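Please read the following note alongside the sequence and the structure. It is written for a reader who is new to the description of folds.

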Amino acid sequence: QKNCQAPRHGNRCMFPLVAPTQDVAMFMLVRGAYAWMGTGWLGCIEPWEIERPPQLEQDYGSPVDETCQETVPGKSGVFIRKWSKADVQMDCNHWKGTITPTDHP
C-alpha cells in the first residue's frame, strides 16, 4: 500500500482498487462475449496517473465456459468459470477470488 497523504490531484492512489483480484475474478465470472473493464473517469485529469493493479494487465484469454457455475448449485457460494488461459473462482463465503493461469485448449 502506498502512502496516500495527498487527498486528490496528482495522487496515484486517490482511489485504489482495494480488492483487485476479487473485482477481476467477479468480472470474469459474469461477463458476456464482449466486455470492457476500465477506470471510468479516473485518469481523465492531469497528471494522467492511475495506479493499475497487475491483475488488469494480464491476458486471461477468452471464456471457455459459456457461464459461471456454482460448485454445488444453490449451496456452496463458490463460483467457477474456465477461460482459455485461466481458471477463475470466487468464494463468496470468504470473499476470496482466485485466478489461476492454465493452458486450456
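The points below treat the model, the sheet, the helix and the cysteines in turn.

1. The model is predicted: local features need pLDDT of at least 70, side-chain atom pairs count only at pLDDT 80 or more, and totals for chains, interfaces and linings use all residues. Residues are numbered from 1 along each chain as its sequence is written, and side-chain values use heavy atoms, with hydrogens and water left out.

2. Four strands form an open sheet in the order β1-β2-β3-β4, with antiparallel pairing. Strands (E, at least two residues) and helices (H or I, at least four) are DSSP runs, numbered from the N terminus; two strands pair if DSSP finds at least two bridges between them. Because β1 (69–70) and β4 (96–101) each have a single partner strand, they stand at the edges, and one side of each is left without a neighbour in the sheet.

3. Strand β3 (residues 86–91) runs antiparallel to β4 and is joined to β4 by six bridges. Within this pairing, aspartate 87 stands opposite threonine 100 of β4.

4. Helix α1 (residues 20–30) lies across β2 (78–83), β3 and β4, at about 70° to β4. Axes are lines fitted to C-alpha atoms, for helices over the stretch in contact (heavy atoms within 4.5 Å); angles run from 0 to 180 degrees between N-to-C directions.

5. The structure holds zero disulfides, a disulfide being a pair of cysteine sulfur atoms within 2.5 Å. For cysteine 68, the nearest cysteine sulfur is that of cysteine 92, 9.0 Å away.

6. Cysteine 68 is partly exposed, with a relative accessible area of 25%. Cysteine 92 is also partly exposed, at 43%. Buried means under 20% relative accessible area, exposed over 50%, and partly exposed in between (1.4 Å probe, protein chains only).
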